[in-house]
Amino acid sequence: MRENVEEFDMKKVIDNFERITKDAENVQKETLKRILEENASAEYLQKLGLNGRTDPDSFKSCVPLVTHKDLEPYINRIVDGELSSIFTAKPITSFSLSSGTSQGRQKRVPWNDELFETTVQIYHTSFAFRNRDFPIDSNGMALNFIYSSKMSQTKGSVVAGTATANVFRNPGYKQAMQAIRSPSCSPDAVIFSLDFHQSLYCHLLSGLIFREQVQLISATFAHSILFAFRTFEQIWEELCNDIKQGVLSSRITVPSIRTAMSEILKPDPELANLIHTKCLNMSNDWHGLIPEIFPNVKYVQGIMTGAMEPYLKKLRHYARDVPLVTSDYGASEGWVASNVNPKVPPELAAYVVLPQIAYFEFIPLAQLDGTQGDLKPVGLTEVKIGEEYELVFTNPAGLYRYRLGDVVKIMGFHNSTPELKFIRRSNLILTISIDKNTETDLQLSVDAAAKYLAEEKMEVIDYTSYIDLSKEPGHYVIFLEISGEPTDELLGECCNCLDKSFTDPGYTSSRKVKGIDPLELRVVKKGTFQKILEHFVSLGSSVSQFKTPRCVGPTNTKVLQILCDNVVNNYFSSAYN
Ligand code: AMP
């Protein structure tokens, strides 16, 4: 299975990273110069009158800060097939589709080979540090829960797929993964199938077949790992049966998957019995599932910060003493930063910006309240420890001074390059009047309520929120999917706790004077959040990039409908009565 690939020199990668991060200011100037020189003939830059200048001051005075919406007229021309130098000198021929989970619609963003190169740089950097702390044998395999997605063509024949699909499909991908000792144990047909239920089944089956060789379990986002093992709890007997008989379950109908799996699936009653016994012994709570089934796994890896943090508790339950390592920080629009301290638990992780992959700017959060006039972002090396900023970048795929919409906090510096913590999406705020609650506030509130459930050995499987303005003065609605069967009394307590845990003074004062109505807890049926995932996948999003929307906005009507159709009970808070 493994091709003979020359491994990259890990020491060289680390030395190079140290050198670059020591000289971040110059590297940033060089990066901007390179991007602007290469794309000097692009219409977007020409129109803004940059006239070939490549220094940061000219760049900032000519080129405005933009959001995706501002770029849509240009993007639509590319969608329609205009193959001229609009954003970049070399015309854009592919798009990445963002997951669309936060705003309810997928954004198209330019994709090109340069972005693949930056992906490889990020992968190699974080792997070099990871492998220093948690070495993987050169013959190790990875159980990668990765899924491609539908590639489509715009009416102008531009190829569009999710960013992860663009990466997995790149001819250099396999080699890049082999170099970092992470070749997938699953056949390609499993990754590239468009039926993610069948892919997931076969990822798990491949993992079991190669259980001794699997040294790493990973996914792009931690949600996919959790989803996979929750599914394993349901289907382990069927998987064991396939291994015992050497015959793939009839639920797998995609011919390319059947062919590929038949090459690795042989009757192995001994292995089937071993797994069966282990599962029977664990099946009361599945604690330690990962090390029990995969005895040589060194760590579990995926993006585990931000919207993924609520899943860490359950993931730790499955992983027991196997370390959880958060991977990197980026978006469909491009990569930002690497985790070079893999031993740090995900809750405390900070990512070091790679100054050679894009030109970065940071808008101080205080400027975003609109009282300070023009936005004046600061440069990568000018940020201050402890401050929060909205991230802006200029990348080699034609995004110039692009507001990513993420808020980050500067935790420190690695040499002269900032280490940042992802805080939240900037636009996700629960607000009715003067109250302002962020994604983090919501998470804290749900965590507090989950403690009541944990006392009764129940857990929150997933959650989201909604602002209900159908009746004056409006109120917060929190949707929870819960394991087990909590009593009304317990759910009433959870509801009060959710309400009380929003401590923003704007919220508490409004609640006291009845400027905001009591918070409503709506409990949804088991499987509701899976339906939401399936909905996004049906729109062309990839399971690999799925993030549960933490606030369902007015544009997310379908998600709201799924939630409302599945409500089993609702409770109103009496916390401020
Ligand atoms: P998308 O391009 O839609 O798949 O999502 C990109 C978004 O995912 C980013 O803008 C962040 O909000 C989030 N994200 C990506 N990497 C991380 C990370 N390491 N920690 C927290 N959030 C992340």
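Modeller: A residue is called buried when its relative accessible area is under 20%, exposed when over 50%, and partly exposed in between, with a 1.4 Å probe and protein chains only. This is a predicted model, in which local features need pLDDT of at least 70, side-chain atom pairs count only at pLDDT 80 or more, and totals for chains, interfaces and linings use all residues. Residues are numbered from 1 along each chain as its sequence is written, and side-chain values use heavy atoms, with hydrogens and water left out.

Colleague: Which way do the residues of β21 point?

Modeller: Strands are DSSP runs of E, at least two residues long, and helices are runs of H or I, at least four, numbered from the N terminus. In β21, Glu 520, Arg 522 and Val 524 point one way, while Leu 521 and Val 523 point the other way, and all are buried.

Colleague: Which strands does β21 pair with, and do they run parallel or antiparallel?

Modeller: Two strands pair if DSSP finds at least two bridges between them. Five bridges join β20 (residues 475-482) to β21 in a parallel arrangement, with Val 523 as the bridge partner of Leu 480. Five bridges also join β21 to β22 (residues 567-572), and these run antiparallel, with Leu 521 opposite Tyr 571.

Colleague: Where does the largest pocket lie?

Modeller: Domain bounds come from an automatic or database domain assignment. Domain 1 (117-329) and domain 2 (429-572) both give residues to the lining of the largest pocket, so this pocket lies between them.
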